Amino acid sequence: RKKAKGSCSLPEPSWEERLANAVTPLWRLPYQEQLQVKYESQRKILQTLASRLEELGIDAQKPGGLCCPLQPVVPSPIINGYRNKSTFSVNRGPDGNPKTVGLYVGTGRERNIVCVKANHVENIPSKHKQVAQCYEEFICRSPLDSCILFHEGGHWRELVVRTTSCGHTMAIITFHPQQLGQEALATQKALLKEFFTCGPGAVCALTSLYFQESTMTRCSHEQSPYQLLLGAPHISEELLGLKFRISPDAFFQVNTAGAEVLYQAVGELCQATRDTVLLDICCGTGTIGLSLAHRVSKVIGVEVVEKAIEDAEWNAAFNGISNCEFHSGKAEAVLPQLLASWEDARPLVAVVNPSRAGLHYRVVRAIRNCSSIRRLLYISCKPEGEAMRNFLELCCPPDPRKKLAGEPFAPALAVPFDLFPHTVHCELVLLFTR
């Protein structure tokens, strides 16, 4: 960096520092200070929600200008190497090597993307780094190019690594087939299998190795099936005394130890009793519903990823849980049908855990218009984003034009959980009641 005349010039940060600053911006702070930074950011979000509700004519201001009481951030039981899933890219490294496996520094807009090895990044476990290093060694030996830009050709793309506390490791390699025929593809798959079975990659001791041919940036199993090259089709995780089966694309909280703390708290906040029906929306592999099944009369899970529902049903059967039913499909299609004819007299508690895109408007409308739901827990990894729109839709006065006829909810309590140490992100649990 150039400094003004007469001032001291600071040395340029190394590529490793740049990557750490991009991926784990709080890495230099002691952990207690990280929690304080996150508490302040959650406080601002609740202040924003309070003022947005005021604009809708709702008196939502509580002490400190918040919309509801905010508890301190619940710390993560594990601070370093907690991630059970990492996605590595293939691109040019700082040294110009186009087959560098790591994480991005820079942006596509600025056209200054560099792929930096993640060996020093504190939230990634050593096993993930080991698999990434072996994958880089394999593609560097390969005569095929990496696929940096689709229109420029090349084949080797992303690597996803998933691990569990049971010691299982799954690797998923994304490959652009370009114009390769089936024989050439079969050769590449055989070479990969050999490398990770009896070559240098054997050190990774993979439980599962998957291969996905993808011509798009992101591809579901339905669009392009995950092909199992080696090992078991699933890996297993234990959480709150239950065993969970995980498919390649199934959602599972990225911090398993943190998720245990989160789900225990969700159980308390639900105030569920033996006659309660728990509605688990965006249920993934069923972790929340199954972990609370012993407390309630019945669990109903809804999830868009078909393979995750297969996992959820297997998880229920394997753990001997018989009071759960799971529905596969988009929540906006499934939920209105489920709730429109709801005549069950039992109390209904809803838990929603959507992606960063938030809930579809039709899901919010179905929840609002189902008078049996008096208590709703919204778990959000990005409450300042699309989730904010959901919060306002849940709490706004009835609006016939938007078909929001039901009694509005009100925010009652906010509890942040630090599932992502060293980053600025937080998982916020917001309790709504009516």
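## Helix packing and cysteines

In helix α3, Cys134, Tyr135, Glu137, Phe138 and Arg141 touch Leu191, Leu192, Phe195 and Phe196 of helix α4. By class, this α3 and α4 contact splits into 7 nonpolar, no polar and 2 charged residues. The model is a predicted one.

Helix α3 covers residues 126-141 and helix α4 covers residues 182-198. Their axes come within 11 Å and cross at roughly 135°. An angle over 145 degrees would count as roughly antiparallel, and 65 to 115 as roughly perpendicular. The pair α3 and α4 is therefore oblique. The crossing of α3 past α4 is right-handed.

Helix α10 has two contacts to describe here, one with α2 and one with α9.

Take α2 and α10. From α2, the contact uses Ile45, Thr48, Leu49, Arg52 and Leu53. From α10, it uses Met388, Phe391, Leu392 and Cys395. The residues comprise 7 nonpolar, 1 polar and 1 charged. How are these two helices oriented to each other? They are oblique, and α2 passes α10 in a right-handed crossing.

Now α9 and α10. Tyr361, Val364, Ile367 and Arg368 of α9 meet Arg389, Asn390, Glu393, Leu394 and Cys395 of α10. Here the classes are 5 nonpolar, 1 polar and 3 charged. Cys395 is listed in the contact with α2 and in the contact with α9. The angle between α9 and α10 is about 30°, which makes α9 roughly parallel to α10. The cut-off for that label is under 35 degrees. This crossing is right-handed.

The packing geometry is set out below.

| Helix pair | Residues | Angle | Axis distance |
|---|---|---|---|
| α2 and α10 | 31-55 and 386-395 | about 40° | 11 Å |
| α3 and α4 | 126-141 and 182-198 | roughly 135° | within 11 Å |
| α9 and α10 | α9: 361-368 | about 30° | 10 Å |

Next, the cysteines. How many disulfides does a search of the whole structure find? It finds 0. Cys115 is in no disulfide, and its nearest cysteine sulfur, that of Cys140, lies 11 Å away. A disulfide needs the two sulfur atoms within 2.5 Å. Cys282 is in no disulfide either; the nearest cysteine sulfur belongs to Cys283, 8.2 Å away.

Are Cys115 and Cys282 buried or partly exposed? Cys115 counts as buried because its relative accessibility is 0%. Cys282 has a relative accessible area of 21%, so it is partly exposed. The buried label requires under 20%.

Terms used: Residues are numbered from 1 along each chain as its sequence is written. This is a predicted model: local features need pLDDT of at least 70, side-chain atom pairs count only at pLDDT 80 or more; totals for chains, interfaces and linings use all residues. Side-chain values use heavy atoms; hydrogens and water are left out. Buried means under 20% relative accessible area, exposed over 50%, partly exposed in between (1.4 Å probe, protein chains only). Axes are lines fitted to C-alpha atoms, for helices over the stretch in contact, and angles run from 0 to 180 degrees between N-to-C directions. Helices (H or I, at least four residues) and strands (E, at least two) are DSSP runs, numbered from the N terminus. A crossing is left-handed if the near helix is turned anticlockwise from the far one by less than a right angle, and right-handed if clockwise. Contact means heavy atoms within 4.5 Å. Ala, Val, Leu, Ile, Met, Phe, Trp, Tyr, Cys and Pro count as nonpolar, Asp, Glu, Lys and Arg as charged, and the others, Gly among them, as polar.
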